[in-house]
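Please read the following account alongside the sequence and the coordinates, which are shown just below.

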Amino acid sequence: MSRELIYNAFLHLTPNHHSHGYWRTAEGDVQRGYSKLQPYVDVVTTLERGRIDNLFIADVVGVYDLEFGDGDATIRAGSQFPEPDPVSIVSALGLVTEHLGIAVTSNIIQNHPFSFARQLSSLDHFTDGRVGWNIVTSYLKNGFRNFGYEDIVGHDARYEWAQEYIDVAYKLWEHSWEDGAVLHDAATNRFFDPEKIHTIDHVGERYRVQGPHIVEPSPQRTPVLFQAGNSPAGREFAVRNAEVTFLPSATPDAARRDIAVLDALARERGRDPRSLKKIVTLSTVIGATEDEAKRKQAHLHEHIDYAALRAFLSGGSGIDLSSIDPSTTLRELQERSEFGEHVRSSFRAAVDGHGEDVTFADYLRDNAFLPGRFAGTPDQIADEVERWAAAGVDGFNVVPVTTLGWWDEWVDQVVPVLQSRGLAQREYAPGTLRQKLFRNGDALDPTHHAHGVRIGETAATR
Ligand SMILES: Cc1cc2nc3c(=O)[nH]c(=O)nc-3n(C[C@H](O)[C@H](O)[C@H](O)COP(=O)(O)O)c2cc1C
């Protein structure tokens, strides 16, 4: 294999991540176990059997349709509700695995950066350097209201907030403890060297943190940083901070363009573009024959709970889609005067891509972030992987049909074909998650922004 592709397993500790309504089928029944530990242990065991690089646990801290509705549609359907805390499961999953990376989502409103940095350092120790963090700023109004805010903070201001949050964390992870601070030297009676452990004395817009970090540096110091953002502010944030980012690209050609834009921005900001992996969604229905795959896809689509899906998309986009009749065409939607200009323009873009006679229901089914966008045999899926790889993507965010159970299909049927074509690893590389992904040591890349947020060396603590 000329270049290693990485595979990220998308998971969410909730009854329905993206397959809204599918829990009512025989295959979806497995989701009833979402609040138990054992089904997730089974998932990670399967992922390691398939040499998957990383488990990625998504998370939100609010209810989707409390933005426009009364919460019923998403609560009734169990759509990203309830939400057990993902950080709570990492130690257990780390104990039953040896190589798998485990990235958790945590947003900036739910924790103080001091306690969050402490949690992640602890988990990085307990997993021998296999944790990652998906940095999110939260798009749910209800999420903000759960943490004492009257309303959601504006889009770009959330990224500014996130930058301060993560800068505090960098100071704690990267700079509070110098290398060589851990002595364990009985002869001189020094477990640690106080001269090499520093307060950070951060005083910023939102946070004041004295430090020092109260966990010693973990194998990776900073966990591997994941982020998804496609807005101008989101891209700036990605090239400054992320090490793995999710591209929005719907086609390989779009991916080629999106990668070129991000790489150019990275170079402009002094960041080596190779230190930022760009991955795309891969969402497949697998069949032994193409016919079987298409039948399974149709079955999946028949069971979509559209009320729940609309509520989910409304909460995520900030646009009330729940009142739209599913049979309305995109032509009508692009002309509706009650929508603001940005909503009409997104429907105009949809018309450009799909035609004006497409109904809203079909548009949602084919284009919303649903599992099963591609249905085919393992060989056809491998062809698809090759097309994306040729466009320059670094890997895939594999979106399962059900977050529990489904992974056996992927690992037993698709992975062997990918491996035989040199599109997936047969064995794990040794070392931390960062070393496995980048093959360049445990530390952040030298061109990463965190090297520029050094603290002074004056405030030694005793
Ligand atoms: C693959 C993927 C996973 C995401 N996971 C989460 C998540 O778990 N929690 C969350 O609040 N937002 C999540 N998001 C949303 C992003 O954090 C971000 O808000 C979104 O991509 C819009 O960013 P932008 O406004 O900069 O374009 C995810 C987005 C993508 C594409």
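In this predicted model, strand E11, which spans residues 277–282, pairs with strand E14, residues 395–398, in the parallel sense, and 4 bridges connect the two. Within that pairing, Leu282 has Val398 of E14 as its bridge partner. Strand E10, made up of residues 244–246, also runs parallel to E11 and is joined to it by 3 bridges, and here Thr245 is the residue that stands opposite Lys278 of E11. Between E10 and E11 the chain passes through helix H8, residues 252–268, in a β-α-β crossover that is right-handed. As for how far E11 is covered, 5 of its 6 residues are buried, so that the strand is mostly shielded, given that buried means under 20% relative accessible area.

A separate part of the model concerns two helices. Two packed helices are described by the angle between their axes and the distance between the axes. For helix H4, residues 113–126, and helix H6, residues 155–175, the angle is about 50° and the axes lie 9 Å apart. On the H4 side, the residues in contact are Pro113, Phe114, Phe116, Ala117, Leu120 and Ser121, and they meet Tyr165, Val168, Ala169, Leu172 and Trp173 of H6.

Notes: Residues are numbered from 1 along each chain as its sequence is written. This is a predicted model: local features need pLDDT of at least 70, side-chain atom pairs count only at pLDDT 80 or more; totals for chains, interfaces and linings use all residues. Side-chain values use heavy atoms; hydrogens and water are left out. Buried means under 20% relative accessible area, exposed over 50%, partly exposed in between (1.4 Å probe, protein chains only). Two strands pair if DSSP finds at least two bridges between them. A crossover is right-handed if, with the strands pointing away from the viewer, the path from the first strand over the helix to the second runs clockwise. Axes are lines fitted to C-alpha atoms, for helices over the stretch in contact, and angles run from 0 to 180 degrees between N-to-C directions. Contact means heavy atoms within 4.5 Å.
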